[in-house]
Amino acid sequence: MFEEVLFKNRRPDRPATLDEYRQSGGYEALIEAVKQRTPDEVRQLVTDSGLRGRGGAGFPTGRKWGFIPADAGFPRYVVPNTDEMEPGTFKDRVLVNIDPHLVIEGIILSGYAVRAQTGFFFIRPSYELDAQLIEREVEVARQAGFLGNNILGSEFSFELVVHRSAGRYICGEATAQVNAIQGNRAHPMKDRHMASDGLWHRPTIVNNAETLACVPHILRQGAEWFKGLARTKTGAGTKLYCVSGKVNQPGCYELPIGTPLREIIEGSAGGMMPGSELKAVMPGGASTAYMPAKYYDVEMDFDPLKAVGHRLGTAAIMVFDQNTCLVAATLNLMEYFARESCGYCTPCREGLPYIRDLLWRIEAGEGREEFIPMLQQMARHMDSSYCAFAPGAAESVLGLLKYFLDEIREHISQKKCPFAEAYRPHRKLWYPAE
Ligand SMILES: Cc1cc2nc3c(=O)[nH]c(=O)nc-3n(C[C@H](O)[C@H](O)[C@H](O)COP(=O)(O)O)c2cc1C
Ligand code: SF4
């Protein structure tokens, strides 16, 4: 029987308090680290554990921390990323509400590992109550001596500031986040090496909140224990899977990383809704391509998904059934992505509204066969954009074209949406129909 790790202090009605967190071993990792481990030892342990970032890209966490040059100066910063604007993704919010001190301890430990002095807890404005919760618990941690100057009598000092985002999807991208925190226009900066040239041109490490919550457990129970939690040979740890759509029990579930999709849907999520058959999922949020039902048994981990041409992303599994129009679903997403484009580069700023309008016309029964190669070309063009936002936005379109071309063609030949519940956004097209 699998025992939850990140969710082990879950209570039905409220977040765990500092005392409850401490009774479960909380802050022991920090106490041991500042007294008995060097920052390099902490980083090495995290490297050995095989922890990969949970924010979407899956980059090895210890390796990222090691990018800070040995001779880099001070101050240094860490940025716990709880922006979480990827549609379908709500795990960081759930985590913060279950065990705020687990996240806070993870942040402090990451600060210790990279010798940072300040952390900016970056959170989206619609998570205002969660921001207030973290602010309150940060103060509790400070009163207990886990934050502030000379933590637990050591030479390590660390402050944590809660920073509310201005509320755009791009603010979650690490380099755009630097601009956002500094009060600049939040466009990405791909030429900046964050480990030496981040916030105010100082060394800066951005990590997802779930990633950081794994760190206290790794320090307490070891790298091998963490690796052993995974269901896959190359995986490590547990994973928070957000399941939404046509299932009986949508929710956020902690399971060993690599748990097969079938087990997640039929087990934790209570199976498909009555009358629903699985048609496709988005395995990792709105920036990942539709994955058809033939992959029902794939292990939900970075490498197995990559092996079948898909991505784990944020592990937000969106479930679609036979009655869901995927043209409409993709149009819905394109409405979002076109609106959230930061406008900094042309392919994304101009291309996403164009894709959106082609889909709108197909869904409205105005589609033509030549729209298909146009969609293909426009979606592929997103690779020439400046940051990862646009290629991510295009993934659903490419997945639709790859696996559900017949569904697009049915819209075109029938001159209407073949599904009963067609999606009709109340909005004018940018490009009027001739
Ligand atoms: C458009 C865009 C939005 C992103 N939003 C988030 C986010 O809300 N939270 C997050 O942790 N990472 C987000 N990322 C990924 C971050 O750039 C970064 O890779 C991540 O925070 C690093 O943390 P990790 O290594 O722990 O995964 C986003 C990336 C892109 C391209
Ligand atoms: S791809 Fe989109 S979000 Fe990224 S820089 Fe270009 S316009 Fe901005």
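1. In this predicted model, the lining of the second largest cavity brings together two parts of the protein, since at least three of its residues come from domain 1 (18-228) and at least three from domain 2 (238-321).

2. The residues that line this second largest cavity are Gly50, Arg52, Arg54, Thr234, Gly235, Ala236, Ile257, Asp301, Phe302 and Asp303. When they are divided by class, four are charged, three are polar and three are nonpolar, and the space they line amounts to about 40 Å³.

3. How many cavities of 30 Å³ or more does the count give? The count comes to two, and the largest cavity holds about 80 Å³ of space. Its lining is made of 13 residues, and those closest to the centre of the largest cavity are Cys342, Cys345, Cys348, Cys387 and Phe389.

4. The lining of the largest cavity has no charged residues, being made up of ten nonpolar and three polar ones, whereas the lining of the second largest cavity includes four charged residues.

Key. Residues are numbered from 1 along each chain as its sequence is written. Chains are lettered from A and ligands numbered from 1 in the order in which they are written. This is a predicted model: local features need pLDDT of at least 70, side-chain atom pairs count only at pLDDT 80 or more; totals for chains, interfaces and linings use all residues. Side-chain values use heavy atoms; hydrogens and water are left out. On a 1 Å grid over the protein atoms alone, a cavity is a set of points where a 1.4 Å probe fits but cannot get out, and a pocket is an open set with protein on both sides within 12 Å along at least five of seven lines; lining residues have an atom within 4 Å of a point. Grid points are joined across faces, edges and corners, and a volume is the space filled by probe spheres set on the points. Ala, Val, Leu, Ile, Met, Phe, Trp, Tyr, Cys and Pro count as nonpolar, Asp, Glu, Lys and Arg as charged, and the others, Gly among them, as polar. Domain bounds come from an automatic or database domain assignment.
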